[in-house]
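Subject: The two-chain model, handed over

Hi,

Here's the structure I promised to pass on. Have a look at it first, and then read my notes below.

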Amino acid sequence: MKPKILIVSEDGFAMDTGHFVISLDYGKAISQAGGLPLVAFDVLHADAYVDMADGLFLTGGPDMHCYRYGEIYRDRSEITPFSRTRDDLDFALCQRFLQAGKPVFGVGRGMQVLNVALGGTLYKDIARETGSPHPDAGAPTSGFDATTAPAQFAFHTVSVQPGTRLAGILDPVEKVNSCHHEAVRTLGDGLIAAAAAPDGIIEAIEHRTLPCFGVQWHPERAAGSLPCDGRLFTHFVHLCKEAIQ
Amino acid sequence: MRPIICITGGYAFDRQFHSKSLTLNKTYTAAVTAGGGLPTLALDFDAFDEYAAMADGLVLSGSQGFSPDPSLLSDSLHTERNQFEQAIARAFLQAGKPILGICLGLQQLNVVFGGDLHPNFKLEDGVEHMMTKHTIETAEGSLIRRLFGTGFYINSRHNVKIGTLAPELVVTATSPDGVIEAFEHKTLPVIACQWHPERMRGDFPEPPEGPDMTPLFESFVALCAEEKRRRCGE
């Protein structure tokens with residue numbers, strides 16, 4: 001029996017339009033790694049979803065509201081569109097899967113959720129708060145518009161921290177896609193930085209003891225000359241298989 | 001323990017990267033939840049047997065899609081979805097698990113059982129069934145009549161109707177202009193309707209003249225639970 005991997009659904013094409021939308025790239029990456037992808041919808045059933053699935057995959061998406069890590073927006077210009085229902089579902093599932101000892105893997109926003117769920121904090125805007133022009137193709141953070149031409153990914157390298165679990169999976173230096181303007185500021189309890197960009201931005205995290213990890217880039221997505229990267233998904237599904245036994 | 005209800009989605013493309021996605025209106029998950037089920041979505045089109053093994057029931061949803069560029073939503077994607085929905089329906093039937101077909105879902109089930117469809121029937125029949133509402137008359141002894149009575153308004157959002165009904169299916173509701181609006185299977189736990197019961201719930205029923213359709217989802221989820229108990233030999 002394949003491990004059942006729960007994928008958190010994304011809110012709409014714009015937030016609160018009344019639809020769920022979920023990229024098939026995620027499902028394909030999970031399937032190719034040997035898992036059965038399933039989608040979670042409703043925070044009211046968080047406990048039932050934990051019973052149903054063997055592992056949790058946290059997807060990319062819009063910024064979470066910053067109160068999740070103890071801040072408030074002081075200026076209107078700081079506020080990016082957020083989805084309360086998406087935040088609720090991501091955090092409720094992440095906390096419950098961690099408590100149940102079931103594996104969690106997050107990409108993009110998903111890595112940030114994992115960090116904040118364990119008590120970490122975020123930079124709300126890398127350029128403004130660190131001064132680094134972190135490579136990003138300028139993903140739209142507001143005004144999603146059907147007529148907008150698709151954004152292209154930017155790329156940069158990451159250095160993988162020797163001795164981490166991810167160092168056993170990835171090369172010492174990897175080229176990755178980059179599409180984010182938020183980043184990990186302080187690490188959550190038990191987390192270590194497993195990879196960093198040349199400007200010092202944390203690009204991957206893993207837990208010292210729990211079977212959870214995350215990357216800031218999108219390994220599920222082919223971008224430019226970079227094919228999608230199944231290694232992290234294979235590792236994740238392997239962790240889920242181990243957790244079942 | 002809530003029965004796990006697998007729902008199918010429609011193709012979509014996200015606005016940011018135009019990557020291929022599935023979409024589902026939240027009215028479906030809310031209706032399944034209100035009926036007592038745990039909603040999940042089938043994301044891997046090759047894994048229909050696995051979904052049939054792990055879930056307790058299947059909802060085949062209506063057609064829907066979104067694309068910032070219409071050329072992305074090609075005919076081949078519709079074919080892919082049809083093939084997948086017919087395959088997963090067969091897998092659930094083989095596992096003896098209940099199916100609820102809604103709109104396109106009703107049409108898929110008719111095809112699975114050997115019936116056929118009549119596309120763009122308005123051109124020949126001169127009747128409008130898209131983005132409107134009309135009354136239906138239910139059949140005696142049907143679930144639909146037990147739940148909602150002999151006649152009532154429903155929403156109407158389809159350009160395709162059932163042509164020949166598959167022999168194993170029984171009509172349970174008809175429109176005044178003769179369109180088959182609902183059926184049940186003679187022996188298997190299969191029910192379907194051409195309208196959108198998931199949009200006829202709560203404070204914003206559509207149409208406002210129609211009944212609240214939550215009991216249909218309660219009945220379907222109860223059927224899933226009953227079949228599950230039977231399978232487990234309780």
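Before the first note, one definition: a helix here is a DSSP run of H or I that is at least four residues long, and helices are numbered from the N terminus. Also keep in mind that this is a predicted model.

With that in hand, go to helix 4 of chain A, which spans residues 109-117. Is this helix mostly covered or exposed? It's mostly covered, with 9 of its 9 residues buried. Among them are Arg109(A), Met111(A), Leu114(A) and Ala117(A). Just after this helix comes Gly119(A), with a positive phi of about 100°.

Now for the place where the chains meet. Chain A puts 38 residues into the contact, and chain B puts in 35. For chain A and chain B that comes to about 3400 Å², with 67% of it on carbon and sulfur atoms.

How many salt bridges are there between chain A and chain B? The count is 1. Lys2(A) and Glu50(B) form a salt bridge, and their closest N and O atoms are 3.0 Å apart. There are also 11 residue pairs in polar contact across the interface.

Which parts of chain A touch chain B? Strands 1, 3 and 4 and helices 1 and 2 of chain A each give two or more residues to that side. The largest share, 5 residues, comes from strand 3. Sorted by class, this side of chain A has 22 nonpolar, 8 polar and 8 charged residues.

Find Ile22(A) and you'll see Leu22(B) standing opposite.

Most residues other than glycine have a negative phi, and most peptide bonds are trans.

- Cys103(B) has a positive phi, near 55°. This residue sits in the loop between strand 6 and helix 4 of chain B, and is buried, with a relative accessible area of 5%.
- Met131(B) also has a positive phi, near 50°. Its loop lies between helix 5 and strand 8 of chain B, and at 57% relative accessibility Met131(B) counts as exposed.
- Glu206(B) and Pro207(B) are joined by a cis peptide bond, with omega about 10°. Pro207(B) is in the loop between strand 13 and helix 7 of chain B.

Enjoy exploring!

Technical notes. Residues are numbered from 1 along each chain as its sequence is written. Chains are lettered from A and ligands numbered from 1 in the order in which they are written. This is a predicted model: local features need pLDDT of at least 70, side-chain atom pairs count only at pLDDT 80 or more; totals for chains, interfaces and linings use all residues. Side-chain values use heavy atoms; hydrogens and water are left out. Contact means heavy atoms within 4.5 Å. Buried area is the accessible area (1.4 Å probe) that two parts lose on being put together, summed over both. A salt bridge is a side-chain nitrogen of Lys or Arg within 4 Å of a carboxyl oxygen of Asp or Glu. A polar contact is a pair of N or O atoms within 3.5 Å; within protein, one must be able to donate a hydrogen and the other to accept it, and residues adjacent in sequence count only if both atoms are side-chain atoms. Ala, Val, Leu, Ile, Met, Phe, Trp, Tyr, Cys and Pro count as nonpolar, Asp, Glu, Lys and Arg as charged, and the others, Gly among them, as polar. Two strands pair if DSSP finds at least two bridges between them. Buried means under 20% relative accessible area, exposed over 50%, partly exposed in between (1.4 Å probe, protein chains only).
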